[in-house]
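Subject: The structure, and what turned up in it

Hello,

Here is the structure for you to open alongside this email.

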Amino acid sequence: MKMVFRWFGEENDSVTLSQIKQIPSVEGVVWALHDIPAGEVWPLERIQEYKDLADEYGFHQDVVESVNIHESIKLGSPERDAYIDNYIQTVKNLASVGVKVICYNFMPVFDWVRTDLYGRLPDGSTALFYEKEKVENIDPIELVRLIAANPEYTMPGWEPERLEILQDLFTAYQSLTADDLMENLRYFLERVIPVCEANDVRLAIHPDDPPWEVFGLPRIVTTQERLQQIIDLVDSPYNGITLCSGALGVRKDNNIVEMIHAFKHRIHFAHIRNVKLMENGDFIETSHLTSDGSLPIDQIVKAYHEIGYQGYVRPDHGRHIWEEVCRPGYGLYDRALGIMYLMGLWDAYQNK
Ligand code: DNO
């Protein structure tokens, strides 16, 4: 496996490239042009700037996370063709600097959802926390108001500048079923995958986090069965997945080890992290160590070894430790510890 590290860019990350350089085994940075709104073409000169920066430190930038999908594509509305054209242009632009994998998600309206970005763990550190009942009992429109009044609650997709359109989006999604969403994903993939094939760029869909419906919005990247359906939408190795252990692993009916074996030819990017599930459906992220959470991270790494995985892998969210001030889930210390654990397991399995 090829170890990579997510980096949000000089202006958006507390972690520097020179710090990342000192984490053993990291070969590349996982990057994105975060300031470009979903749906717009990523300009070549901006892509080149990133590449130059990565080159300075000897990192590859083979993996992009993410090129976000415009809501009209997920909704299947008439403007989608123009946005798909833009997506195709972005794929070509990224291919021209050698990008190999594009991670994306197909979650309506927003990305991952948590109720507390600083949930307390018994060791005194903090981590992303999800309280099931809170999410189930909240009226999304109320939430929009709450966030507008308290920007510190902002999660991805809930940025203050997007709040005005959120209400319209909720209305637009009211009549969209999970099957409609799947059909809209098919329409997108049928147009984009041939371009990916021609340009040697693999698409890797990220699971929904959490992998169930939230706020009445449909979600489809949730289970092994759904992932199989997605793979079958367009039968090409370029139509692949980002297997995120933490996102999928909060459902007890998801078996990550089994999925690694089932999808071995279609996993283009692996996110590995642990999470602790509570009886009442709440969960909190933990260190990567198997015994700290509910997922068998050792068995997961073993499964990657068994399939002869040669793709990209990154540690996923980490706890906030040692008083680090950082983007929630994306500090330096705990992710670096996570890498050393993953690489320790990997070396032990590879060299036995
Ligand atoms: C969370 C990430 C996700 C992921 C996107 C991919 O930290 O795993 O935000 O980047 O869903 O599109």
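First, a word on how to read the values. This is a predicted model, in which local features need pLDDT of at least 70 and side-chain atom pairs count only at pLDDT 80 or more, while totals for chains, interfaces and linings use all residues. Residues are numbered from 1 along each chain as its sequence is written, and side-chain values use heavy atoms, with hydrogens and water left out.

**The ligand and its shell**

Strands here are DSSP runs of E with at least two residues, and helices are runs of H or I with at least four, numbered from the N terminus.

Which side chains put a polar atom by an oxygen of the ligand? One is H317, with an N or O atom of its side chain 2.5 Å from a ligand oxygen. For H206, a polar side-chain atom lies 3.1 Å from an oxygen atom of the ligand, and for R6 an N or O atom of the side chain is 3.2 Å from one. The protein covers 97% of the 320 Å² of accessible area that the ligand has on its own (areas come from the Shrake-Rupley method with a 1.4 Å probe; for residues, only the protein chains shown count as cover).

**H271, a partner of H206**

H206 also has a protein partner: its side chain and that of H271 are joined by a polar contact of 3.4 Å. A polar contact is a pair of N or O atoms within 3.5 Å; within protein, one must be able to donate a hydrogen and the other to accept it, and residues adjacent in sequence count only if both atoms are side-chain atoms. H271 sits in strand β9 (residues 267-272) and counts as buried because its relative accessibility is 1%. Buried means under 20% relative accessible area, exposed over 50%, and partly exposed in between (1.4 Å probe, protein chains only). Leaving aside residues up to four places away in sequence, H271 touches E65, H206, T242, L243, C244, S245, R314 and D316, where contact means heavy atoms within 4.5 Å.

**Cysteines**

How many disulfides does a search of the whole structure find? The answer is zero, a disulfide being a pair of cysteine sulfur atoms within 2.5 Å. The closest cysteine sulfur to that of C196 is in C103, 13 Å away, so the two are too far apart for a bond. For C244, which H271 touches, the nearest cysteine sulfur is again that of C103, at 8.7 Å. C196 is buried at 0% relative accessibility, and C244 is buried at 1%.

**Backbone features**

Most residues other than glycine have a negative phi, and most peptide bonds are trans. Two cis bonds are worth a look. The peptide bond from E65 to S66 is cis, with omega near -5°, and S66 lies in the loop between β3 (63-65) and α3 (71-75). Another cis bond joins D209 and P210, with omega about 0°; P210 is in the loop between β7 (202-206) and α9 (224-233).

As for phi, S25 has a positive value of about 80° although it is not a glycine, and is found in the loop between α1 (17-21) and β2 (28-30). D200, also not a glycine, has a positive phi of about 55° and is in the loop between α8 (178-199) and β7.

**Across the chain**

K2 belongs to strand β1 (residues 2-6). K2 and Q310 are 308 residues apart along the chain, yet their C-alpha atoms are separated by 6.6 Å. A polar atom of the K2 side chain lies 2.8 Å from the backbone oxygen of Q310.

Best wishes
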